[in-house]
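Work through the exercises below with the structure beside you, and try each task before you read its solution.

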Amino acid sequence: MSRKYNFSAGPGMLPLEVLKQAQAELIDWNNSGMSVMEMSHRGKDYMSIAAEAETDLRDVMSIPDNYKVLFLQGGASSQFSAIPMNLLRGKDSADYINTGAWSKKAIAEASKFCDVNLVATGEDSHFTSIPDPESWNLNADAAYVHYTPNETIGGVEFHTLPEVGDIPLVADMSSTILSRPIDVSKFGLIYAGAQKNIGPAGLTLVIVRDDLIGGCIDGTPAMMDYAIQAKADSMYNTPPTYSWYLAGLVFKWLKEKGGLEGMAKINKRKSDKLYAAIDNSDFYKNPVDLNCRSWMNIPFTLGNSDLDGDFLGQAAEQGLVTLKGHRSVGGMRASIYNAMPEEGVDALIAFMAEFEAKYG
Ligand code: PMP
């Protein structure tokens, strides 16, 4: 078997230990005589798998009791509309911070439901920086403040929490959840598509404070109504059972790795060394301000973009794959989520030095 180092922005790598466990249990889970994929979601076995995953996630993230954890479908993109539908609660305006491509998508969707007050935008810097909080234009009467803690495409990440007073803070954590400890009590709602740091695609996590549940706008589809989903323990319909199970294995893996404190140390070390390799060369460049560089998604360009194809081809020969940058940014992007081993980052750095020596 030869596993590659897969730098994809998502779906991304899963921990090998998790894949092996899933493989061992694939055909017969715990002497049940069936695969998790074949189980009724309402049966005793599956209910225990689902409940244990939630307990482990609550444990790993220290989620307070007054928050519900929902295991939904539809990706983070459906939350772009579910959030205004559920959280406007009689108000007609919501605050959005625009730090790049994913913020923009959230804003476009919210605009269908309410006035969007643009608190700040990184547009002037081509989304390579986060506007100074001193310049933010928060609306005291906003239903909530939405932001994207980590912009997967631009590689811009907040390393401090936005100060928004009593207005519920809503975070699209798709590409940074579980990368470090966070204080969940500071948020009204956290959501994330699973396919980066949680598990396989098809599962979407929503962690929402109890007092924000209920009172969605008329016409909200039942599937998107947090009150209905919370009451049904995320089983209003058939949930994405296998993704939920696999996410549960990932949560256990995180615990074994020292939890989110342990993950944060490794993630900081991995990203520090890759940024150092970029900054210490005259050939590679990362355009993002030093104070908001992502730990998870690291875009970089080569001194000569005509060499992009050679770089990608030669990297792939060494088992370093999916390094092509997003089409809107060009160049390269290394996504180094929790499951990317440190050796993968080391191998990339060694390859980059070798390539620079040859062509730089
Ligand atoms: N938000 C962010 C920050 C993302 O990175 C992505 C996916 N790359 C999405 C939202 C959309 O997620 P999904 O594909 O689960 O709808």
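Predicted model: local features only at pLDDT ≥ 70, side-chain atom pairs only at ≥ 80, totals over all residues.

**Exercise 1.** Decide whether Cys292 is buried or exposed, and find how far Cys114 is from the nearest cysteine sulfur.

*Solution.* Buried means under 20% relative accessible area. Cys292 has a relative accessible area of 1%, so Cys292 is buried. For the second part, a disulfide needs two cysteine sulfur atoms within 2.5 Å, and by this rule the count comes to 0 disulfides. Cys114 is accordingly in no disulfide, the nearest cysteine sulfur being that of Cys216, 15 Å away.

**Exercise 2.** Check what span helix 7 should have, and compare it with the distance between its end C-alpha atoms.

*Solution.* Helix 7 covers residues 259-279, which makes 21 residues. The expected span is 1.5 Å times one less than the number of residues, and this gives 30 Å for helix 7. The end C-alpha atoms of helix 7 are 30 Å apart, which agrees. Its buried residues, among them Leu260, Met263 and Leu274, pack against several elements, including helix 2 (44-61) and helix 9 (342-359).

**Exercise 3.** Classify the aromatic pair formed by Phe311 and Phe351, and state where its two residues lie.

*Solution.* A pair of aromatic rings is described by the distance of the centres and the angle of the planes. For Phe311 and Phe351 the centres are 5.1 Å apart and the planes make 65 degrees. Planes over 60 degrees apart count as edge-to-face, so the pair of Phe311 and Phe351 is edge-to-face. The pair links distant parts of the chain, with Phe311 in helix 8 and Phe351 in helix 9, 40 residues apart.

Technical notes
Residues numbered from 1 in each chain as written. Heavy atoms only, no water. Buried < 20%, exposed > 50% of the residue type's maximum accessible area, 1.4 Å probe, protein only. Helix = DSSP H or I, 4+ residues; strand = E, 2+ residues; numbered from the N terminus. Contact = heavy atoms within 4.5 Å. Phe/Tyr/Trp six-rings, centres within 6.5 Å; stacked < 30°, edge-to-face > 60°.
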